[in-house]
Amino acid sequence: MLRRVVRQSKFRHVFGQAVRNDQCYDDIRVSRVTWDSSFCAVNPKFVAIIIDASGGGAFLVLPLHKTGRIDKVYPTVCGHTGPVLDIEWCPHNDQVIASGSEDCTVMVWQIPENGLESPLSEPVVVLEGHSKRVGIVSWHPTARNVLLSAGCDNQIIIWNVGTGEAMINLEDMHPDVIFSVSWSRNGSLLCTACKDKKVRVIDPRKNKIVAEKDKAHEGARPMRAIFLADGNIFTTGFSRMSERQLALWKSMFLARCSLE
């Protein structure tokens, strides 16, 4: 009986095709900060890209149709005094975006209807509460004006953007750096991945960890965890030998289907 050497896959011979240069966003100085972030965010109107900026932190906001070479003097959002680490568009308003920075603050910005015509340095609100740099910002999926931030002070703060005040402060739940935070689809739970190799499910209203899994991935490199639509949790990480791993967790970590 012959043993198959190559695993059959319907994606094996599928290749993408690059678009033309005039349909790309070209000549953008993407941030060189050593932080595990996508450095960009997109919604139906705009694409935002964190860029390398001197004298503080900045990011570009471009209308989706403005492709091609981007002029070096194109206006930016530039209110932070330290490099910007994460950005996210509000799911309820396509002209509102939040940013977290090394300056320990979170800022919320209102982008003009047709995009920026001049540099934007005045945020709608500044949220101050972290003692170290803020690496994660995430809007609540169903409630308006509710924003989450996670910093290198190992705490998560849930803000009321309308008043600029912290509603919930999740402290003493993570002993080390938080790699990722994800809302459940209805916004009732949080899923976090931490440097201590644990994945946690948190009920923020009760300020309580409702489930956790130790050594979801045994490798020392950063891992991520997100909630899926059905309530299951999908994680990415590494093995002890630095092999990339994917895992699907069911029923609050009672069982796992692992893809390596």
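1. Helices (H or I, at least four residues) and strands (E, at least two) are here DSSP runs, numbered from the N terminus. The model is predicted, with local features needing pLDDT of at least 70 and side-chain atom pairs counting only at pLDDT 80 or more, while totals for chains, interfaces and linings use all residues. Residues are numbered from 1 along each chain as its sequence is written, and side-chain values use heavy atoms, without hydrogens and water.

2. Residues 127-169 are 56% strand and 0% helix, with end C-alpha atoms 13 Å apart, whereas residues 171-212 are 52% strand and 0% helix, with a separation of 16 Å between the end C-alpha atoms.

3. Four strands form an open antiparallel sheet in the order β15-β16-β17-β18, where pairing requires at least two DSSP bridges between two strands. Its edge strands are β15 and β18 (208-214). Six bridges join β17 (residues 198-203) to β18 in the antiparallel sense, and K198 has D214 of β18 as its bridge partner.

4. The largest pocket (an open set of 1 Å grid points with protein on both sides within 12 Å along at least five of seven lines, where a 1.4 Å probe fits; lining residues have an atom within 4 Å of a point) is lined by 26 residues, with D86, E88, V137, S138 and V181 nearest its centre. Elements giving two or more lining residues include β7 (84-89), β11 (134-139) and β15 (178-183).
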